[in-house]
Amino acid sequence: MTVSDDAGQNELETPAARRMRLIERYGVFAVVILMMVILSALEPDIFPTTQNLTNILRQIAMNALLALGLYIVIMTAGIDLSVGSIMALATMLLAMVDTSGMPWPLVLLVGPLVGIACGAVNGLGLTVLRLPHPFIMTLGTLYSIRGITNLVSGGRPVSGVSQEVRFLGSGEIPLPFLGEYASFPVSAIVILVCYGGVAYFINKVSLGRHIVAVGGNPQAARVSGINVDRILLIVYCLSGFFAGMAALMMAGRTGAGFPNAGIGAELDAIAAVIIGGASFFGGRGSVLGVFAGVLVMGLLRNGLNLMDVSAFWQQTMIGMIVVGAVYVDVLRRRAGATS
């Protein structure tokens with residue numbers, strides 16, 4: 001099943017199949033609501049406050065953008081393990097050029113452009129070198145880009161990012177009608193714009209539909225005239241672009257560039273995409289589902305932190321959730337193959 005539903009197929013669905021499809025599409029939102037209810041009951045004085053809820057929106061900004069790029073990649077049955085390293089390199093270069101005196105409008109372009117360049121390396125490696133799987137190419141760039149980040153920075157952080165550059169990551173819009181200290185993060189607006197743009201791109205633009213087609217069946221897509229290599233190059237450039245956007249969020253929140261930033265960030269992003277209902281086999285998933293998956297990750301981390309649960313237990317639980325989500329995807333694929 002692709003992102004868009006086929007009307008004729010829906011008419012032939014049995015009630016049980018229709019219920020299953022609705023559960024697949026909206027079940028993760030039920031999980032989000034259930035988590036919010038449980039956390040409100042466990043931490044009634046802290047969790048449901050406006051300050052904490054807006055803090056969650058700030059915390060998920062980087063993961064939301066990384067997950068959005070990975071969603072596009074996973075839709076083609078690919079993977080990009082390098083997004084955390086790309087984010088670190090983009091953050092470092094952004095901080096370095098900003099502190100050197102470059103005008104801030106140009107500084108804002110550094111992160112996305114660095115991300116696109118790194119994504120192009122991944123895409124060209126797959127299409128030109130013909131490596132057997134993107135896991136290999138992006139695992140290599142994970143290490144090499146991290147090494148370049150340490151080389152250009154000397155392994156030292158760069159602080160002093162200007163307020164204009166920090167605005168996207170740490171700026172707030174006051175909401176006095178919700179309370180004296182209530183505000184809405186600018187980073188959340190960036191997320192909503194990016195997710196809305198990708199949703200329109202995937203569902204309404206022919207290039208987006210080609211991405212879905214390549215993930216569903218690359219051989220059939222190639223026979224139908226789609227340039228699969230071009231699609232893959234674009235897909236990995238988009239993944240790099242959103243890693244560069246995540247770099248803007250990180251620089252905004254921290255006011256600095258750190259060479260060790262983003263270590264393991266790709267795993268959280270992959271977890272959000274899979275929890276949101278996307279399939280490692282490609283051709284299945286939705287932008288809305290990915291956003292819900294990001295919320296699940298954000299609520300889980302926030303709730304466990306409020307309850308003083310050890311970070312080691314948090315890692316254990318997230319790993320178990322990812323394995324469970326992938327297993328559900330495998331079962332769903334088996335059921336589709338036998339139906």
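This is a predicted model: local features need pLDDT of at least 70, side-chain atom pairs count only at pLDDT 80 or more; totals for chains, interfaces and linings use all residues.
**View 1. The second largest pocket is lined by 28 residues.** Nearest its centre lie Gly264, Ala265, Asp268, Met297 and Arg301. By class, the lining holds 17 nonpolar, 9 polar and 2 charged residues.

**View 2. Helix H13 crosses helix H14 at roughly 120°.** The two axes come within 7 Å. H13 is therefore oblique to H14. The crossing of H13 past H14 is right-handed. From H13, the contact uses Asp268, Ala271, Ala272, Val273 and Ile275. From H14, Val290, Gly293, Val294, Val296, Met297 and Arg301 meet them. This contact counts 8 nonpolar residues, 1 polar and 2 charged. Asp268, Met297 and Arg301 take part in the contact, and these residues are also among those nearest the centre of the second largest pocket.

**View 3. Helix H4 crosses helix H14 at roughly 140°.** Here the axes come within 10 Å. This crossing, too, is right-handed. H4 brings Asn63, Ala64, Ala67, Leu68 and Tyr71 to the contact. H14 brings Val287, Val290, Val294 and Met297. The classes are 8 nonpolar and 1 polar, with no charged residues.

**View 4. Helix H14 meets both H13 and H4.** Val290, Val294 and Met297 of H14 touch H13. Val290, Val294 and Met297 also take part in the contact with H4. Met297 is one of the residues nearest the centre of the second largest pocket.

Methods: Residues are numbered from 1 along each chain as its sequence is written. Side-chain values use heavy atoms; hydrogens and water are left out. On a 1 Å grid over the protein atoms alone, a cavity is a set of points where a 1.4 Å probe fits but cannot get out, and a pocket is an open set with protein on both sides within 12 Å along at least five of seven lines; lining residues have an atom within 4 Å of a point. Ala, Val, Leu, Ile, Met, Phe, Trp, Tyr, Cys and Pro count as nonpolar, Asp, Glu, Lys and Arg as charged, and the others, Gly among them, as polar. Axes are lines fitted to C-alpha atoms, for helices over the stretch in contact, and angles run from 0 to 180 degrees between N-to-C directions. Helices (H or I, at least four residues) and strands (E, at least two) are DSSP runs, numbered from the N terminus. Angles under 35 degrees count as roughly parallel, over 145 as roughly antiparallel, 65 to 115 as roughly perpendicular and the rest as oblique. A crossing is left-handed if the near helix is turned anticlockwise from the far one by less than a right angle, and right-handed if clockwise. Contact means heavy atoms within 4.5 Å.
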